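Biologist: I'm new to reading protein models. Could you walk me through one, feature by feature?

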Amino acid sequence: MFYNGSSLLRVQKRMNNKDYIEFTLHKAFFEGRVTRKDLIERFGIKESKATKIFALISKEQPGHIHYHPRSRGYVPSEDYRIKSKYRFADYLQIVGRPAFIHRLETVNSGVDMDKFRSIQEAIKHRFAIEFDYLSLNTPEPTKRIVYPHSLISSGYRWHIRGWEEKSGEFKDFNLPRMLGEVVEVKMNNPLSNIDKDKDWNEYKTFFLVPNPQLSSEQKKIIEIDYQMTNGVLTVSCRKALFFYTLHTYLVTDQSEIPNVHQHLALRE
């Protein structure tokens, strides 16, 4: 985020050292690295100001982060990282949502800090990650190697979407089912490029109408609830997110005449 002229001055006046420190620490802990450039680009401050912020953190909160020459940035200390109680929700609010996170609506479940760091690094560098995964089709965890391209909130849980090496297909993997450590595998595969994910890049349009089993009065209320036009709500989403999008509208029965307790019915 960049600011110019008077708008920059107003933003800087509203900021205080606590805001700069919170941003710096959250970015370091969740992404594994933070630099002066990150502060300069986010707040529009000068390099000298960014340097002072890191010096202030070193003085007021020693041991939290330290400069890592090889990374050319500040990284979190191992001891404090383990003791940290930072929440993913706070990271999204303070640092902001990276472009690769697609959020359909707020969810209560969090994302483990170590998992997120490995996932975002893999997405950034187009690497693979390796993890043990629980599937409803297999009783025991199985080893998976996946090249993730997006981290998505489906409305009730988080999942990654990426190309799986074994099946050679783009799939979704629920974060709660990814057991133990997520290990970065620093290799690339051109087949994993997001441009090759057809269901991700193509959009699907569908239509929602009031459940036919509702009374005329009830249908009118549902039309108002969803601001329908002529009794129809038109929705467009990525094909890969179709079922998740349906769930945000509480549509689990996709038949033309679903259970009466479901307010909406699907028309494609």
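Modeller: Let's go through a helix, the cores, the aromatic rings and then the strands.

Biologist: What should I know before we start?

Modeller: This is a predicted model, where local features need pLDDT of at least 70, side-chain atom pairs count only at pLDDT 80 or more, and totals for chains, interfaces and linings use all residues. Residues are numbered from 1 along each chain as its sequence is written, and side-chain values use heavy atoms, with hydrogens and water left out.

Biologist: How many residues does helix α2 have, and how far does it reach?

Modeller: Helices (H or I, at least four residues) and strands (E, at least two) are DSSP runs, numbered from the N terminus. The expected span of a helix is 1.5 Å times one less than its number of residues. Helix α2 covers residues 17-31, so 15 residues, and it reaches 21 Å from first C-alpha to last, close to the expected 21 Å. Just after α2 comes G32, with a positive phi of about 90°.

Biologist: Is α2 mostly covered or mostly open?

Modeller: Buried means under 20% relative accessible area, exposed over 50%, and partly exposed in between (1.4 Å probe, protein chains only). In α2, 11 of the 15 residues are buried, so call it mostly covered. Among them are Y20, I21, F23 and F30.

Biologist: Which residues have the most contacts inside the largest nonpolar core?

Modeller: A nonpolar core is a set of buried Ala, Val, Leu, Ile, Met, Phe, Trp, Tyr and Cys residues joined through side-chain atoms within 4.5 Å. The largest one here has 43 residues, and L39, F88, F116, F131, I160 and M178 have the most contacts inside it. Helix α2 gives the most to this core, with seven residues. There's also a second, separate core of 13 residues, which includes L214, I222, V235 and L246.

Biologist: What does I160 touch?

Modeller: Contact means heavy atoms within 4.5 Å. Leaving aside neighbours within four places in sequence, I160 is in contact with residues including I119, F131, F173 and M178.

Biologist: How many aromatic pairs are there?

Modeller: Rings of Phe, Tyr and Trp (its six-membered ring) pair if their centres lie within 6.5 Å; planes under 30 degrees apart count as stacked, over 60 as edge-to-face and the rest as tilted. That rule gives 20 aromatic pairs. Take F30 and F116: their ring centres are 6.1 Å apart and their planes sit at 70°, so the pair is edge-to-face. F30 lies in α2 and F116 in helix α7 (residues 113-125), so the pair ties together parts 86 residues apart in sequence. Both F30 and F116 are buried.

Biologist: Where do F131 and F173 lie?

Modeller: F131 is in strand β4 (residues 128-135) and F173 in strand β7 (residues 169-174), so this pair ties together parts 42 residues apart in sequence. Both F131 and F173 are buried.

Biologist: In which sense do β4 and β5 pair?

Modeller: Two strands pair if DSSP finds at least two bridges between them. β4 and β5 pair in the antiparallel sense over six bridges, and they form a hairpin with two residues between them. The bridge partner of F131 in β5 is R144.

Biologist: How many bridges join β3 to β5?

Modeller: Three bridges join strand β3 (residues 101-103) to strand β5 (residues 138-153), and these two run parallel. R103 stands opposite S153 in β5. On to strand β6 (residues 158-164): β5 pairs with β6 in the antiparallel sense over seven bridges. That hairpin has four residues between its strands, and G155 in the turn has a positive phi of about 105°.
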